Amino acid sequence: MGKNSKGNGLNYKRTFLIGFGFMGCMLLWSVYNSYVPVILRAKFTELLGSGTAASSFLSGHKALAWVSVALIVNAIMTIDNVFGVIFLPFFGKRSDRVKVRKWGKRMPFILICMQICALFFCFIPVAALVKAVGLSILLMMAVIIFFNFTMSVWRSPVVSLMPDFTPSHLQSDANAVINIMGGIGQMVGFVVGTIATALAGLLGFTTIASHLKADTDALGRVLDANGNVVVIDGVVQKVNYVPVFVVTAIIAVLCIVVLTGFYRKNRKYDLTATEAQAIEKDEAPKKKVSIRNLDMDKGEKRSLIIMLLALFLLNNATEAIVPNFTNFANDTLKVQPIYSTLMMAVFAVSLAAFGIPAGIMGRKLGRKKTILIGLAGIVFMFTVYLTVSQVLPNNADGSVNKFTWICLWVALVVGGAAVGCVNINTLPLVLAMGGREHVGTFTGYYYTATQAASISGPILCGLVIGLFHENYNYMFLYCAIMFALGLVAMLGVKHGESTPEDEEWIQEAVDAAGD
């Protein structure tokens, strides 16, 4: 373990315990992004019919002819990104100023809103069980909106706990620990469906357990081995995801219980406990600087604009995968979310494992070259998979053949490493363009581009999927095009490589930005 606070080293035990808050946050998000699109798709397909504007509800409106279930679902899945842009900075600043003697600045937000957030989280699949489809969708939308709002309230405070307890010169190491804890939360989220299925079986809820593992159609109806809808006592059987969400919420709450116990014993080490008033008085609001007014020549400004365009394109692709993968796996691979989330876990492990090598490559080969290598790998793997999946025939049951499966698994592993090459090096490249004196401004540019993409990416991808008659394979076509356009844009970036002397402040700036 690391040294205590009186020493010069990082207290790894304390940092590890702080990370339980971020772990709980990432756990909720991984399950939300994996299962909610499946539930929403089933509900909207039942209401509107399959395909593009297939129901009588939309057939009389030519202006809505391009609307599809995939587009609607993906638009709903951007609510968290919209709320993040609006509320995360607001509540982050509020948590800087709130002072509660016993619980400090951050914990009141976390303790109160996390529990409410977990409650709304559990009600999402409960609302889906309401038989009246229209009422069910309205209830789900209300719960989803409240869940996303309460998540926005405590997300910034929980991330801010680490800097509160860690001196600035140790925050790079501490950030690595926090990210590991977040990765663990994500991994638990990917396997929580399997955990919930096992618990349901052990507790005697064998029907729920079997339904969670069974094949389903677009309406969420359970199918038997022959592809027929399962009907028991005249009732069509649908998948009940309540156990998955309840187990997730319980684990997330336990994470916050651990964090709470840590804070009660260690609040004396909160570095901001006595500095809050001084910081608030001394901190003057910073004016935003437009690109036109930056002290840069035309070539440097051009590189910055092209780099931000590339970031927008790249994040359009990565953000499009998250809300669509489980539906893709259900339609194309004929596997349920509890299995498709395990596939995402492989991608996540590859991404995390290649984080350090990607950073080393960026410093040794150059960040632009490393990003281009990653993008070339992504475009190649997506193109290969899409070509193979469209050329080779499917199995008799409609599932993909063995060779296509192999290509997909290779794409997940190689794609995770390739995305790591891109993600690890983009923010440092942007920061190096601005130099030490413009760190805040260029961090703002970076997040403006990525946050805009997080909203537009799922919506545009949903539009493409709908245009191809709800064929989720075309998610890969959309992503491949966006990555390819991003690659072309990156070729126009001529500035941003750093010198060895710049590496220390760039790393500090990256850690401070929470990337």
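Predicted model: local features only at pLDDT ≥ 70, side-chain atom pairs only at ≥ 80, totals over all residues.

Biologist: Is lysine 238 buried, partly exposed or exposed?

Modeller: Buried needs under 20% relative accessible area, and exposed needs over 50%. Lysine 238 has 35% relative accessibility, so the class is partly exposed.
For lysine 238, the answer is partly exposed.

Biologist: Which residue forms a salt bridge with aspartate 331?

Modeller: Aspartate 331 lies in helix α12, and its partner lies in helix α1, so the bridge ties together parts that are 290 residues apart in sequence. The N to O distance is 2.5 Å. The partner is arginine 41.

Biologist: Which class of accessibility does arginine 41 fall into?

Modeller: The cut-off for buried is under 20%. Aspartate 331 is at 22%, so that side of the pair counts as partly exposed. Arginine 41 is at 6%, so the class is buried.

Biologist: What is the N to O distance between aspartate 164 and arginine 106?

Modeller: Aspartate 164 is in helix α6, while arginine 106 is in the loop between α4 and α5. They are 58 residues apart. Both are buried. Their side chains meet in a salt bridge at 2.6 Å.

Biologist: How many salt bridges does a search of the whole structure find?

Modeller: Side chains of opposite charge can pair when their charged atoms come close. The search covers the whole structure, and the count is four.

Biologist: Now the packing. Which element gives the largest share of the largest nonpolar core?

Modeller: That core has 78 residues. Among the elements giving two or more residues are α3, α6 and α9. The largest share is 19 residues, and the source is α1.

Biologist: Which residues is leucine 40 in contact with, leaving aside neighbours within four places in sequence?

Modeller: Leucine 40 is among the residues with the most contacts inside the largest core, as are Tyr32 and Trp154. Beyond its sequence neighbours, leucine 40 touches Val73, Ile76, Met77, Met140 and Ile144.

Biologist: How many residues are in the other core, the one with Phe190 and Phe328?

Modeller: This core lies apart from the largest one. Phe382 and Phe476 are also among its members. Its count is 67 residues.

Terms used:
Residues numbered from 1 in each chain as written. Heavy atoms only, no water. Helix = DSSP H or I, 4+ residues; strand = E, 2+ residues; numbered from the N terminus. Buried < 20%, exposed > 50% of the residue type's maximum accessible area, 1.4 Å probe, protein only. Core = buried A, V, L, I, M, F, W, Y, C linked by side-chain atoms within 4.5 Å. Contact = heavy atoms within 4.5 Å.
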